[in-house]
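Biologist: Please guide me through the reading of this model, one feature at a time.

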Amino acid sequence: ARDPQEALSSRPDGAVYLALRMDDLGGMLRTVFSPANIEMMTAFASPEEAQGFRLFGSVIAQLPGQSVSLVAGTAADKTPFLQLAASVPERYRAKLDLVAAGKATAEDLVTLVLGEGALLLAGAVPPPALQQGEKGPYYLIENEVAVSAKDDLLLMTLSSKDLQDALNALEDGAKRLNLQRRF
(Lines give C-alpha, C1' and ligand atoms only; values in the text may rest on other atoms or scores of the structure.)
Protein backbone atom coordinates (compact mmCIF):
# COMPACT_ATOMS: atom_id res chain seq x y z
CA ALA A 1 0.00 0.00 0.00
CA ARG A 2 1.25 3.47 -0.89
CA ASP A 3 1.67 6.13 1.79
CA PRO A 4 -0.58 9.08 0.88
CA GLN A 5 2.13 11.46 2.08
CA GLU A 6 4.22 10.39 -0.94
CA ALA A 7 1.75 12.24 -3.19
CA LEU A 8 2.41 15.65 -1.63
CA SER A 9 4.75 17.60 -3.89
CA SER A 10 7.42 20.05 -2.79
CA ARG A 11 6.49 23.72 -2.48
CA PRO A 12 8.56 26.65 -3.71
CA ASP A 13 10.16 29.19 -1.40
CA GLY A 14 7.70 31.81 -0.27
CA ALA A 15 4.74 29.42 -0.13
CA VAL A 16 2.75 29.36 3.09
CA TYR A 17 1.08 26.03 3.77
CA LEU A 18 -0.25 23.54 6.24
CA ALA A 19 0.46 19.84 5.89
CA LEU A 20 -1.68 17.26 7.65
CA ARG A 21 -1.67 13.49 7.90
CA MET A 22 -4.30 11.39 9.60
CA ASP A 23 -4.31 7.62 9.80
CA ASP A 24 -7.69 5.87 9.99
CA LEU A 25 -9.70 9.00 9.28
CA GLY A 26 -12.86 6.94 8.81
CA GLY A 27 -12.41 5.21 12.17
CA MET A 28 -11.85 8.50 13.99
CA LEU A 29 -14.94 10.08 12.39
CA ARG A 30 -17.03 6.97 13.15
CA THR A 31 -16.01 7.29 16.82
CA VAL A 32 -16.78 11.02 17.00
CA PHE A 33 -20.08 10.61 15.13
CA SER A 34 -21.08 7.29 16.72
CA PRO A 35 -24.80 6.52 17.04
CA ALA A 36 -24.62 7.34 20.78
CA ASN A 37 -22.98 10.72 20.11
CA ILE A 38 -25.44 11.49 17.30
CA GLU A 39 -28.37 10.73 19.62
CA MET A 40 -26.85 12.99 22.27
CA MET A 41 -26.60 15.83 19.71
CA THR A 42 -30.14 15.27 18.45
CA ALA A 43 -31.60 15.48 21.96
CA PHE A 44 -31.25 19.28 21.75
CA ALA A 45 -32.12 19.66 18.06
CA SER A 46 -35.32 20.24 16.14
CA PRO A 47 -36.73 17.22 14.29
CA GLU A 48 -35.30 18.53 10.98
CA GLU A 49 -31.85 19.09 12.51
CA ALA A 50 -31.98 15.66 14.15
CA GLN A 51 -32.72 14.04 10.80
CA GLY A 52 -29.76 15.90 9.26
CA PHE A 53 -27.45 14.72 12.07
CA ARG A 54 -28.57 11.12 11.59
CA LEU A 55 -28.06 11.32 7.82
CA PHE A 56 -24.60 12.80 8.33
CA GLY A 57 -23.76 10.04 10.84
CA SER A 58 -24.85 7.31 8.42
CA VAL A 59 -22.69 8.78 5.62
CA ILE A 60 -19.68 9.13 7.94
CA ALA A 61 -20.07 5.51 9.07
CA GLN A 62 -19.28 4.38 5.51
CA LEU A 63 -16.46 6.81 4.72
CA PRO A 64 -13.87 4.81 2.74
CA GLY A 65 -10.77 6.95 3.43
CA GLN A 66 -8.15 5.28 5.56
CA SER A 67 -4.92 7.29 5.72
CA VAL A 68 -5.23 10.84 4.42
CA SER A 69 -2.52 13.40 3.74
CA LEU A 70 -3.00 16.92 2.52
CA VAL A 71 -1.13 20.12 1.93
CA ALA A 72 -3.01 23.39 1.51
CA GLY A 73 -1.88 26.98 1.32
CA THR A 74 -0.89 29.77 -1.00
CA ALA A 75 2.07 30.29 -3.28
CA ALA A 76 4.18 33.45 -3.03
CA ASP A 77 1.87 35.10 -5.61
CA LYS A 78 -1.17 34.29 -3.35
CA THR A 79 -2.45 31.53 -5.66
CA PRO A 80 -4.18 28.91 -3.48
CA PHE A 81 -3.23 25.25 -3.73
CA LEU A 82 -4.43 21.99 -2.25
CA GLN A 83 -3.29 18.41 -2.69
CA LEU A 84 -5.13 15.61 -0.93
CA ALA A 85 -4.26 11.92 -1.15
CA ALA A 86 -6.28 9.20 0.54
CA SER A 87 -5.70 5.47 0.71
CA VAL A 88 -8.87 3.42 0.37
CA PRO A 89 -9.63 -0.21 1.25
CA GLU A 90 -9.03 -2.97 -1.27
CA ARG A 91 -12.78 -3.39 -1.84
CA TYR A 92 -12.73 0.00 -3.63
CA ARG A 93 -9.84 -0.95 -5.91
CA ALA A 94 -12.11 -1.58 -8.93
CA LYS A 95 -13.49 1.98 -8.65
CA LEU A 96 -9.98 3.40 -8.28
CA ASP A 97 -8.95 1.52 -11.41
CA LEU A 98 -11.92 3.07 -13.27
CA VAL A 99 -10.78 6.54 -12.18
CA ALA A 100 -7.18 5.83 -13.23
CA ALA A 101 -8.38 4.57 -16.64
CA GLY A 102 -10.72 7.52 -17.23
CA LYS A 103 -13.84 5.32 -17.15
CA ALA A 104 -15.42 6.40 -13.83
CA THR A 105 -18.88 7.90 -13.37
CA ALA A 106 -20.00 10.59 -10.93
CA GLU A 107 -21.35 7.77 -8.76
CA ASP A 108 -17.91 6.12 -8.66
CA LEU A 109 -16.29 9.38 -7.57
CA VAL A 110 -18.90 10.07 -4.87
CA THR A 111 -18.53 6.52 -3.55
CA LEU A 112 -14.74 6.84 -3.38
CA VAL A 113 -14.90 10.15 -1.51
CA LEU A 114 -17.92 9.63 0.76
CA GLY A 115 -18.75 5.92 0.63
CA GLU A 116 -21.78 3.93 -0.46
CA GLY A 117 -24.06 5.83 1.94
CA ALA A 118 -23.64 9.01 -0.11
CA LEU A 119 -24.93 7.61 -3.40
CA LEU A 120 -28.12 9.62 -3.00
CA LEU A 121 -25.93 12.72 -3.33
CA ALA A 122 -24.45 11.57 -6.64
CA GLY A 123 -27.28 13.19 -8.60
CA ALA A 124 -26.29 16.59 -7.18
CA VAL A 125 -22.68 16.22 -8.37
CA PRO A 126 -22.16 17.74 -11.80
CA PRO A 127 -20.84 15.27 -14.36
CA PRO A 128 -17.05 15.24 -14.12
CA ALA A 129 -15.22 16.37 -17.26
CA LEU A 130 -12.67 13.83 -18.43
CA GLN A 131 -9.30 15.43 -19.20
CA GLN A 132 -6.02 14.07 -20.54
CA GLY A 133 -2.91 15.03 -18.58
CA GLU A 134 0.75 14.23 -19.11
CA LYS A 135 0.41 11.32 -16.64
CA GLY A 136 -2.91 10.02 -17.97
CA PRO A 137 -6.60 10.77 -17.65
CA TYR A 138 -8.10 12.73 -14.79
CA TYR A 139 -11.45 14.31 -13.95
CA LEU A 140 -12.19 17.99 -13.54
CA ILE A 141 -15.22 18.80 -11.38
CA GLU A 142 -16.77 22.27 -11.80
CA ASN A 143 -13.45 23.42 -13.36
CA GLU A 144 -12.04 23.57 -9.83
CA VAL A 145 -11.20 20.12 -8.49
CA ALA A 146 -8.95 17.67 -10.33
CA VAL A 147 -9.36 13.99 -9.36
CA SER A 148 -7.28 10.97 -10.29
CA ALA A 149 -6.11 7.67 -8.85
CA LYS A 150 -2.77 5.92 -8.67
CA ASP A 151 -2.26 2.48 -7.14
CA ASP A 152 -4.48 2.47 -4.03
CA LEU A 153 -4.60 6.26 -3.64
CA LEU A 154 -7.34 8.70 -4.55
CA LEU A 155 -5.85 12.10 -5.45
CA MET A 156 -7.73 15.42 -5.34
CA THR A 157 -6.26 18.85 -6.05
CA LEU A 158 -7.35 22.40 -6.89
CA SER A 159 -5.63 22.41 -10.28
CA SER A 160 -4.45 20.07 -12.99
CA LYS A 161 -0.88 21.30 -12.36
CA ASP A 162 -1.07 20.30 -8.69
CA LEU A 163 -2.44 16.91 -9.77
CA GLN A 164 0.46 16.37 -12.18
CA ASP A 165 2.87 17.47 -9.42
CA ALA A 166 1.28 14.90 -7.05
CA LEU A 167 1.67 12.14 -9.64
CA ASN A 168 5.30 13.19 -10.23
CA ALA A 169 5.92 13.10 -6.46
CA LEU A 170 4.63 9.52 -6.35
CA GLU A 171 7.17 8.54 -9.02
CA ASP A 172 10.15 10.57 -7.78
CA GLY A 173 10.98 10.99 -4.09
CA ALA A 174 13.07 14.10 -4.84
CA LYS A 175 9.85 15.90 -5.86
CA ARG A 176 8.03 15.16 -2.60
CA LEU A 177 7.27 17.59 0.17
CA ASN A 178 10.03 17.24 2.73
CA LEU A 179 8.45 17.67 6.12
CA GLN A 180 11.01 18.78 8.66
CA ARG A 181 9.64 18.05 12.11
CA ARG A 182 10.33 20.78 14.63
CA PHE A 183 9.44 20.78 18.30
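Biologist: On what basis are the features reported?

Modeller: This is a predicted model, in which local features need pLDDT of at least 70 and side-chain atom pairs count only at pLDDT 80 or more, while totals for chains, interfaces and linings use all residues. Residues are numbered from 1 along each chain as its sequence is written, and side-chain values use heavy atoms, with hydrogens and water left out.

Biologist: In what order do the strands of the sheet lie, and how do they pair?

Modeller: Strands of a sheet pair through backbone hydrogen bonds, in either a parallel or an antiparallel manner. Helices (H or I, at least four residues) and strands (E, at least two) are DSSP runs numbered from the N terminus, and two strands pair if DSSP finds at least two bridges between them. Here 7 strands make an open, antiparallel sheet in the order β1-β2-β3-β7-β6-β5-β4. The edges are held by β1 (16-22) and β4 (129-133); each has a single partner strand, so one side of each lacks a neighbour in the sheet. On average, neighbouring strands are turned by 20 degrees against each other, direction ignored.

Biologist: How many bridges join β6 to β7?

Modeller: These two antiparallel strands are joined by 5 bridges, and Lys150 stands opposite Leu153 in β7. Their hairpin has 2 residues between the strands, and Asp151 there takes a positive phi near 55 degrees. β3 and β7 also pair in the antiparallel sense, over 5 bridges. Across that pairing, Leu84 stands opposite Met156 in β7, and Gln83 opposite Thr157.

Biologist: Why is β7 described as largely enclosed?

Modeller: Burial is judged by relative accessible area: under 20% is buried, over 50% exposed, and in between partly exposed (1.4 Å probe, protein chains only). In β7, 4 of the 5 residues are buried, so the strand is largely enclosed by the rest of the structure.

Biologist: Which strands does α5 lie across?

Modeller: Axes are lines fitted to C-alpha atoms, for helices over the stretch in contact, and angles run from 0 to 180 degrees between N-to-C directions; contact means heavy atoms within 4.5 Å. α5 lies across β5 (136-141), β6 and β7, at about 100 degrees to β7. Helix α6 (residues 160-171) also packs on the sheet, touching β3, β4, β5, β6 and β7, and its direction makes about 20 degrees with that of β6.

Biologist: Is Ser148 buried or exposed?

Modeller: Ser148, in strand β6 (residues 145-150), counts as buried because its relative accessibility is 3%. Leaving out residues up to four places away in sequence, its contacts include Val99, Tyr138 and Leu163. Thr42, in helix α2 (residues 35-42), is buried at 7%. With the sequence limit of four places again applied, Thr42 touches Ala50, Phe53 and Arg54.

Biologist: Which residues lie nearest the centre of the largest pocket?

Modeller: On a 1 Å grid over the protein atoms alone, a pocket is an open set of points where a 1.4 Å probe fits, with protein on both sides within 12 Å along at least five of seven lines; lining residues have an atom within 4 Å of a point. The largest pocket has 13 lining residues, with Leu25, Leu63, Leu84, Ala86 and Val113 nearest its centre. α5 gives the most to this lining, with 3 residues.
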